[in-house]
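Q: I am new to this structure and would like to go through it step by step. Could we begin with the strands and then move on to other parts?

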Amino acid sequence: MNNSSENRPRPSLTVDTEWWWRALESGELLVQRCAGCDLLRHPPEPTCGACGSDEWSGVLVAGGAILHSWVVVHEPALPGFAPPYAVALADLDEGVRMVVALEGAEPGTIEIGMRLALAVHERGGLALPVARPA
Ligand code: ZN
């Protein structure tokens, strides 16, 4: 599974998401912590869905997670991606869910509930969170 092509689609950076992508470029995997109620959340949003506060900070996560669900993508073939490749919903130990690339596990060995270790890696010219079996 080679997904290192430089012609992958690029994320559309917004005032609400650019900080998260820039942190990845620095090797940091962050989530938001609401300043009003301390709730952690991801993906980045301008306001807290629980208390409505628009004050927040970025907090580093440790990278431990449980596999909530996963899929192996065969089609459609997207620019910069070489199917088949696995995409996971990872439940981070901090309590937030994140969509990540799942590498280092053949489809027959992937099981919901398995421990994952997330880290930031360069893929296709982008710094991205990548999960591997822990
Ligand atoms: Zn809140």
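Q: Which residue in strand 3 does Gln 32 stand opposite?
A: Gln 32 stands opposite Gly 58 in strand 3. Please keep in mind that this is a predicted model.

Q: How many bridges are there between strand 1 and strand 3, and in which sense do they pair?
A: Strand 1 and strand 3 are paired over five bridges, in the antiparallel sense.

Q: What is the strand order in the open sheet?
A: The open sheet has three strands in the order 2-1-3, and the pairing is antiparallel. Strand 2 and strand 3 stand at the edges with a single partner strand each, so one side of each has no neighbour in the sheet.

Q: How do strands in a sheet pair in general?
A: They pair through backbone hydrogen bonds, and the pairing is either parallel or antiparallel.

Q: On to the barrel: how many strands close into it, and in what order?
A: Five strands close into the barrel, in the order 4-5-6-8-7, with mixed pairing. From one strand to the next, the twist averages 45 degrees.

Q: How many bridges join strand 5 to strand 6?
A: Six bridges join these two strands, which run antiparallel. As one example, Asp 91 has Arg 97 in strand 6 as its bridge partner.

Q: And strand 4 with strand 7, how many bridges there?
A: Strand 4 and strand 7 run antiparallel and are joined by three bridges. Ala 65 has Leu 116 of strand 7 as its bridge partner.

Q: What about strand 7 and strand 8, how many bridges do they share?
A: They pair over eight bridges in the antiparallel sense. Within this pairing, His 121 stands opposite Leu 128 in strand 8. Strand 7 and strand 8 also form a hairpin, with two residues between them. Gly 124, in the turn, has a positive phi of about 60 degrees.

Q: Changing topic: which strands does helix 1 lie across?
A: Helix 1 lies across strand 1 and strand 3, and its angle to strand 1 is about 140 degrees. Helix 1 also lies across strand 6, strand 7 and strand 8, running at about 70 degrees to strand 8.

Q: Which residues of helix 1 are buried?
A: Trp 19, Trp 20, Trp 21, Ala 23 and Leu 24 are buried in helix 1. Their cover includes strand 1, strand 3, strand 6, strand 7 and strand 8.

Q: What follows helix 1?
A: Gly 27 follows helix 1, and its phi is positive, near 85 degrees.

Q: How many residues are in the largest nonpolar core?
A: The largest nonpolar core has 31 residues, and those with the most contacts inside it are Leu 92, Met 98, Leu 116 and Leu 118. Elements that each supply at least two residues of this core include helix 1 (18-25), strand 1 (30-34) and strand 4 (64-73). Helix 1 gives the most to this core, with five residues.

Q: What is Leu 116 in contact with, leaving aside its neighbours within four places in sequence?
A: Its contacts include Gly 63, Ala 65, Leu 67, Ala 90, Leu 102 and Ala 131.

Q: Now the metal: which residues are the protein donors of the zinc ion?
A: The donors are Cys 34, Cys 37, Cys 48 and Cys 51, each through its SG atom, lying 2.3 to 2.4 Å from the zinc ion. In sequence these donor residues are spaced C-x2-C-x10-C-x2-C. Cys 37 lies in the loop between strand 1 and strand 2, and Cys 48 in the loop between strand 2 and strand 3, so the pair ties together parts that are 11 residues apart in sequence.

Q: Why is the arrangement around the zinc ion tetrahedral?
A: The arrangement is tetrahedral because the four donor atoms subtend angles of 98 to 114 degrees.

Q: What does Cys 37 touch, not counting residues up to four places away in sequence?
A: Cys 37 touches Cys 48, Ala 50 and Cys 51.

Q: How far apart are Cys 37 and Glu 55?
A: They are 18 residues apart in sequence and 9.9 Å apart in space, C-alpha to C-alpha.

Technical notes: Residues numbered from 1 in each chain as written. Predicted model: local features only at pLDDT ≥ 70, side-chain atom pairs only at ≥ 80, totals over all residues. Heavy atoms only, no water. Core = buried A, V, L, I, M, F, W, Y, C linked by side-chain atoms within 4.5 Å. Buried < 20%, exposed > 50% of the residue type's maximum accessible area, 1.4 Å probe, protein only. Helix = DSSP H or I, 4+ residues; strand = E, 2+ residues; numbered from the N terminus. Contact = heavy atoms within 4.5 Å. Donors = N, O, S within 2.8 Å, 3.2 Å for Na, K, Ca; no water. Tetrahedral: all angles 85-135°; square planar, octahedral: opposite > 155°, others 65-115°. Pairing = 2+ DSSP bridges. Axes fitted to C-alpha atoms, helices over the stretch in contact; angles between N-to-C directions.
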